[in-house]
Amino acid sequence: MQKKISFNIQMTTEELSPIFAKETYNMLGNKSKDDRIDIINKNIEKTGYHAVKEKSNRDIVYYENPENKSVFISHRGTDFNKKNDVSADLYFALGKEKHSKGFKTRRNKTSELVKAIPDDYKLNMSGHSYGGASINDTIRNKKNVREKLNEAHTYNSAFSPFTTKLKPKIKDDLDEKVTHHRTSSDAVSSASQINRQFGKMKTYKTKNDKHLPKTIPKILQPIFNTLDQFKSHSLNNFL
């Protein structure tokens, strides 16, 4: 069941971030790219933003609001039918995300998109789970993205306990720009308690919400041992 979201044109960047992260999942499936982008734009039509087809793909959605001169770049979470996504998860768990083909592709694509953003536009970013991890990886490794960034919000993002620390000056700057949102019982983001390289943390309780999953898909059962774990990881906890 899809959760119906109420929009307000005056929504803050933090309020818009999980909405745009969720819409990236609509880039999956067998429909044409035109149809997928149309679905996203119909869902977000009252936000003032629109998804730009020419700058979006299955992994990244580029949203633009010319009226307030703002761009959102959101990374999609894991597609368990996509080999690159699954292998990237393994690289991240080992602290070797910089060498993952999936992370590298997203990192380079985002950096190229950011280079083309007008100087007077603000850049905001968001992502859920693996999408949050690739957002963090991009910010960490691409100077032009870090310098252009206004705000970034990740949701139950994967963290590696082995990733090396940033220089203090870079960390201090990103601590002001980046917020990680996680549910207290989420297993995927639990390593953030040990090794959060940058950013503030906000912690939430899992919602008792009819829109949360009722069963664990078979392909995800090796990752989530219980239904409660699976519910805790859902992006709907932040919507």
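**Burial and aromatic pairs**

Modeller: Of the 239 residues in the protein chain, 50% count as buried, that is, under 20% relative accessible area, with exposed meaning over 50% and partly exposed in between (1.4 Å probe, protein chains only). The model is predicted: local features need pLDDT of at least 70, side-chain atom pairs count only at pLDDT 80 or more, and totals for chains, interfaces and linings use all residues. Residues are numbered from 1 along each chain as its sequence is written, and side-chain values use heavy atoms, with hydrogens and water left out.

Colleague: How many aromatic pairs does the count give?

Modeller: Rings of Phe, Tyr and Trp (its six-membered ring) pair if their centres lie within 6.5 Å; planes under 30 degrees apart count as stacked, over 60 as edge-to-face and the rest as tilted. By this rule, the number of aromatic pairs is seven.

Colleague: Are the rings of phenylalanine 20 and tyrosine 63 stacked or edge-to-face?

Modeller: Phenylalanine 20 lies in helix 1 (residues 13-23) and tyrosine 63 in strand 2 (residues 60-65), so the pair ties together parts 43 residues apart in sequence. Helices (H or I, at least four residues) and strands (E, at least two) are DSSP runs, numbered from the N terminus. Phenylalanine 20 and tyrosine 63 are buried. Their ring centres are 4.3 Å apart and their planes lie at 20°, so the pair is stacked.

Colleague: Which class describes the rings of tyrosine 49 and phenylalanine 72?

Modeller: Tyrosine 49 counts as buried at 6% relative accessibility, and phenylalanine 72 at 0%. The centres of their rings are 5.7 Å apart and the planes are at 75°, so the class is edge-to-face.

Colleague: Which residues do ring pairs link into a cluster?

Modeller: Tyrosine 49, in the loop between helix 2 (33-43) and strand 1 (50-51), is 23 residues from phenylalanine 72 in strand 3 (residues 70-75). The cluster linked by ring pairs consists of Phe20, Tyr49, Tyr63 and Phe72.

Colleague: Which residues have the most contacts inside the largest nonpolar core?

Modeller: A nonpolar core is a set of buried Ala, Val, Leu, Ile, Met, Phe, Trp, Tyr and Cys residues joined through side-chain atoms within 4.5 Å. The largest has 20 residues, and elements supplying at least two each include helix 4 (101-115) and strand 5 (149-155). Those with the most contacts inside this core are Ile73, Leu123, Met125 and Ile139.
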